[in-house]
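The exercises below each set a task and then work through the solution step by step. Please look over the model before starting.

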Amino acid sequence: PPTVHWIATSDDPANMTFDLYIGGNSNPTTLVTSNLTVFNYTISGLTEGNTYYWKVVAQDAKGTFISEVRSFKTNRPPTVDLRFPEDDATWYSTSIDIGWNGSDADGDVLRFLLLLDTSSDPSTAKCGWTTALSCTVTGLSTDMTYYWRVEITDGVNSTTSAIRSFSTLGMDNDWNADIGGEARVSVSGDGLHIAVGGDDEVQLY
């Protein structure tokens with residue numbers, strides 16, 4: 001919630017009090033709080049993305065004094081969508097690319113933090129805070145399940161994505177074949193493509 005501040009002077013400061021008014025136009029008339037003796041107030045219950053106007057009415061033994069009207073706009077939180085890999089994917093490599101998208105209704109600059117580890121509530125930061133929309137994670141272990149999520153901030157509000165997971169397998173854990181002779185085999189990280197080749201021919205499956 002936003003906190004508004006003001007400055008006031010008086011020959012009788014011990015008896016000076018403040019009333020705070022707020023509204024949706026340049027003539028705020030809704031009394032938020034009265035008889036304050038401090039010089040700030042945190043306003044709660046506001047709607048994200050709206051513009052609000054506020055003023056302070058001060059009273060002391062000499063009378064009533066009204067401040068100028070000022071305005072502020074409440075910030076809307078950013079949103080983050082996970083792109084790849086899909087949830088519960090199987091991965092055949094010790095490195096993986098993690099991707100996401102972010103948006104902000106206020107047009108603020110967005111920064112992201114990838115959290116990934118083997119806990120179902122991941123907290124290990126990868127790649128650090130970044131404006132990029134992906135992160136390459138290396139050094140994964142095989143035969144493990146990893147969990148990941150992305151935090152996003154616009155400098156005012158922060159949001160955390162849902163949690164996804166993927167499992168890593170060694171290539172020999174999911175398939176094997178007796179091809180005979182001399183050949184070289186390569187499997188893509190997602191396990192969807194297999195290349196088999198010899199000296200004169202390469203076949204893609």
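D143 has a relative accessibility of 47% and counts as partly exposed, where buried means under 20% relative accessible area, exposed over 50%, and partly exposed in between, computed with a 1.4 Å probe on protein chains only. The model is predicted, with local features needing pLDDT of at least 70 and side-chain atom pairs counting only at pLDDT 80 or more, while totals for chains, interfaces and linings use all residues. Residues are numbered from 1 along each chain as its sequence is written, and side-chain values use heavy atoms, with hydrogens and water left out.

Task: describe the phi of D143 and of N35, and state where the peptide bond from F84 to P85 stands.

Solution. As background, most residues other than glycine have a negative phi, and most peptide bonds are trans. D143, although it is not a glycine, has a positive phi of about 60 degrees, and it lies in the loop between β13 and β14; strands here are DSSP runs of E with at least two residues, and helices are runs of H or I with at least four, numbered from the N terminus. N35, also a residue other than glycine, has a positive phi near 60 degrees, but N35 is placed within strand β3 and counts as exposed at 54% relative accessibility. The peptide bond from F84 to P85 is cis, with omega near 0 degrees, and P85 belongs to the loop between β8 and β9.

**Overall fold**

Task: how many helices and strands does the protein chain have, and what share of its residues is buried?

Solution. The protein chain has zero helices and 19 strands. Of its 205 residues, 32% are buried. Where residues at least 6 apart in sequence are in contact (heavy atoms within 4.5 Å), 56% of these contacts join residues at least 24 apart.

A local case follows. D88, in the loop between β8 and β9, is exposed, with a relative accessible area of 59%, and its C-alpha atom is 7.0 Å from that of S167, 79 residues away along the chain. A89, in strand β9, is buried at 17% relative accessible area, and its C-alpha lies 8.6 Å from that of T168, 79 residues apart in sequence. Not counting residues up to four places away in sequence, A89 touches S165, F166 and S167.

**Aromatic pairs**

Task: which geometry do F18 and F39 adopt as an aromatic pair, and what does the pair tie together?

Solution. The search of the whole structure finds five aromatic pairs, the criterion being that rings of Phe, Tyr and Trp (its six-membered ring) have centres within 6.5 Å, with planes under 30 degrees apart counted as stacked, over 60 as edge-to-face and the rest as tilted. F18 and F39 are 5.3 Å apart from centre to centre, with 55 degrees between the planes, and the pair is tilted. F18 lies in strand β2 (residues 17-23) and F39 in the loop between β3 (30-36) and β4 (40-42), so the pair ties together parts that are 21 residues apart in sequence. F18 is buried at 1% relative accessible area, whereas F39 is partly exposed at 34%.

**Nonpolar cores**

Task: which residues have the most contacts inside the largest nonpolar core, and which element gives the largest share of it?

Solution. A nonpolar core is a set of buried Ala, Val, Leu, Ile, Met, Phe, Trp, Tyr and Cys residues joined through side-chain atoms within 4.5 Å. The largest has 19 residues, with the most contacts made inside it by I98, W100, L114, L116 and F166. Two or more residues each come from β8 (79-84), β9 (89-91), β10 (96-103), β11 (111-117), β13 (134-137) and β14 (144-153), and β14 gives the largest share, four residues. Leaving aside neighbours within four places in sequence, the contacts of W100 include V80, L82, F112, L114, L133 and V150, and among them are also D81 and R83. A second, separate core of 13 residues includes M16, F18, I22 and F72.
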